[in-house]
Amino acid sequence: IITCTHRLPYGLWSINLSNTLLSNKKKDKRKKNIPISRRSAMVFPIPPWLNQYRASANSFLSQYEPLILLITPLFSLLIARILQSIFLVIHERGLKATIISFVMSAIKLVPGVKKYIDSEKQKIVDKLQGSSNRDGWRTELPKTGLGDNVLVQMRDEKQKDVTWQGKCSGTVYIGGNENEGHFSLINEACSMFAHTNPLHLSVFPSVVRFEAEVVAMTAAILGSKEKASGGQICGNMTSGGTESILLAVKSSRDYMKAKKGITKPEMIIPVSAHSAYDKAAQYFKIKLWRVPVDKEFRADVKAIKRYINKNTIMIVGSAPGFPHGIIDPIEELGDLASSYQICFHVDLCLGGFVLPFARKLGYPVPPFDFTVQGVTSISVDVHKYGLAPKGTSVVLYRNREIRKHQFVAVTEWTGGLYVSPTIAGSRAGGLIAGAWAAMISLGSEGYLENTKEIMEASKRIQKGIQDIPELFVIGRPDMSIIAFGSDVVDIFEVNDILSSKGWHLNALQRPNSVHICVTLQHVPVVQIFLKDLRDSVQTVKENPGPINGGFAPIYGAAGKMPDRVMVQDLLVEFMDSSY
C-alpha cells in the first residue's frame, strides 16, 4: 500500500511505504515508536529530461487563456465521441448505406421535398391495400346483441374470403375440406377445450398434460431419445414460430450473460434467416449481424466466423430456410458454436415435422437436430406440417439450465407469487388440445404418408419449373419450398398474372424471385399450377409490362430503392393503416 506522507517542493517525489509491506513483526514494533516526521521516506529525483519537458509545456501553455485550456479537452472529447459514432454506424451499415442515408436526410430538408415524398409514399400504401374497404366496420357495441344470429353474420363474412383451397403458398397445411376429415377432428378438439387455460395448472391438469406430451413427442422426433442429445431435452409450447424464436433468443441472451458475463449481446444470422430474429433483436436490445449466404444460398460458415467476437451470444441456422427451402450446414455451424462456446439455434419451424420422415423415406437429408453437437435450441411449428390448429409451436432446449432463463418469476407483486413460462400469461388451452389431437390421431405412420405425398408433389413442381425455359430454380431445394426466378421475364409480372388466376405465392428479393411452399393442399393440383405458371410466363413474354392493379412495379421499385429506411417507412405506414 503506497500513500503520500507530505507535500514536497517540485522536483521531488515522496512515497511512504506502509507498514503492511514489512514482513518482519519486530521491525513493525520498532517503527511504532518513531514519530511520523522521522520515518524515512524514499525520495527520488525527477529525471532532468522530465523537468525540461514540464518547463517547456508550461511555457507553451502560458500563452493561452485558462478558459481555453479548460474547454479544449472537453471539445476534443466531444469530437472524438462524434467520430466514434460515425465509425460505428459505417461499421454496422456499411459506407454506401451510410452515405445514402445521409444524402436522403439532407434532401428531405429541402422545402417541399418531404411533402412530395410523403405524398408518393401514401399512394404506394393505398396501392398495397388494394380494395380494402372499411365501410360498415363496427366501431362500437350493438345496442342489442344478435344472439345466435351472430353465427349467420360470421358465415356471410367468411364467404368474402378468397378461395384458398390449393391456391396458397403455405398458409393452410392440412389437406382436404375444412368441414371433414382432419379439419373436423381438430376443430372439435379445440372446441372441447376452448374454455381452458394452462396458466391454472391445478384447474386444468388435462391441458397441462397435453402440452407436456406435445413437447416430449416433438423432442423425440428431433433426437431427444438419441444418446448424442444428452437426454435432457425440454421445452414449451408457444403461439407460433416467431414466439418460439423470440424465447430462444431471450433465453440465449440471459444464459450467456450468466455464463460469460456478456452485457452487450450480439447475434449473427445468415441473410436468409427469418425476420423474427430482427424482431428479437429490437425487443431484447441485441446487436444483429446479417451475413451473406454462399453461392448455393446456404449459410456461409466462414463469413459467420469472421463476425464472432467477445460479445457474440449466438449464431443461427435454418432447416430449411423460408426463402429458398435450403438447409444450412447445421453440423459445421454446430462445430463453430461449440468451439467458441456460444449458443446455436436451429429454425425448424418449416421442417420439424417433415425432415425426420423424409429421411426415413430415403431422401438425402443432412443432420439438423439435437444429435448435432453445439445445437442449444430448436423452434418447430406444430401448426405447419404437424397439421395442428394455427397458433401452436414448440421451442426446445438442450437442457434445463438454458430453459430456466426463458421463465419470468415475480416475487414482489401484491397479487401474489407469479411465474410464467412463455411471453403470454394466459394461453389458449383449446389450441394445445388441438395440437395434441393432431399428433395422436396421425401418429408416425400418418406423418410418414403425408411427407411422402408432400415431397413427391414438391419434386414434380420443381421439375415442372425447370422444364420452363424462361425460369430457373434457385439453389437446390432440400424440402418442399421451391423458389424460382427469371433472366428473361419480370418474375413479379409473372406473379401478378398468377394472382389474377387465383394463386397466392410469396414474392422474394435479392434475388428477385417467387416461391411456393408445397402443402397437402397442392397434391391434387400440381398439374393445374404448372399449366397456369407456363401460361403466365408466356403472357408476360408476349406482353411485357405491369398489369392494371398488379404489384410488380412496387416490388421491383422496393428492391432497387437504395434508401432502405424509406422502404421500412412504407411497410410501417402500410401496417399502421391496415388495422
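A residue is termed buried when its relative accessible area is under 20%, exposed when over 50%, and partly exposed in between (1.4 Å probe, protein chains only). The model is predicted, so local features need pLDDT of at least 70 and side-chain atom pairs count only at pLDDT 80 or more, whereas totals for chains, interfaces and linings use all residues. Residues are numbered from 1 along each chain as its sequence is written, and side-chain values use heavy atoms, with hydrogens and water left out.

View 1. Glu 493 belongs to helix H16 (residues 491–500); helices (H or I, at least four residues) and strands (E, at least two) are DSSP runs numbered from the N terminus. Glu 493 counts as buried because its relative accessibility is 10%. Leaving aside residues up to four places away in sequence, Glu 493 touches Val 540, Pro 544, Gly 545, Pro 546 and Ala 552, a contact being heavy atoms within 4.5 Å.

View 2. An open sheet is built from four strands in the order E13-E14-E16-E15, with antiparallel pairing; two strands pair if DSSP finds at least two bridges between them. Strands E13 (472–473) and E15 (506–508) are the edge strands, each pairing on one side only. Two bridges link E13 to the antiparallel strand E14 (residues 481–485), and Phe 472 has Gly 485 of E14 as its bridge partner. Helix H15 (residues 429–466) packs on this sheet, touching E13, E14 and strand E16 (513–517), and its direction makes about 10 degrees with that of E14. Axes are lines fitted to C-alpha atoms, for helices over the stretch in contact, and angles run from 0 to 180 degrees between N-to-C directions.

**View 3. Packing of helix H7 against H15.** Helix H7 (residues 181–192) packs on H15 at an angle of about 140 degrees, the axes lying 7 Å apart. H7 is therefore oblique to H15, since angles under 35 degrees count as roughly parallel, over 145 as roughly antiparallel, 65 to 115 as roughly perpendicular and the rest as oblique. Among the contact residues are Leu 185 and Ile 186 of H7 and Ala 437 and Leu 442 of H15.

**View 4. The seven-stranded sheet at strand E4.** Seven strands form an open sheet of mixed pairing, ordered E4-E10-E9-E8-E7-E5-E6. Strands E4 (234–238) and E6 (287–291) each have a single partner strand, so one side of each lacks a neighbour in the sheet. Five bridges join E4 to the antiparallel strand E10 (residues 393–397), where Tyr 397 stands opposite Cys 234.
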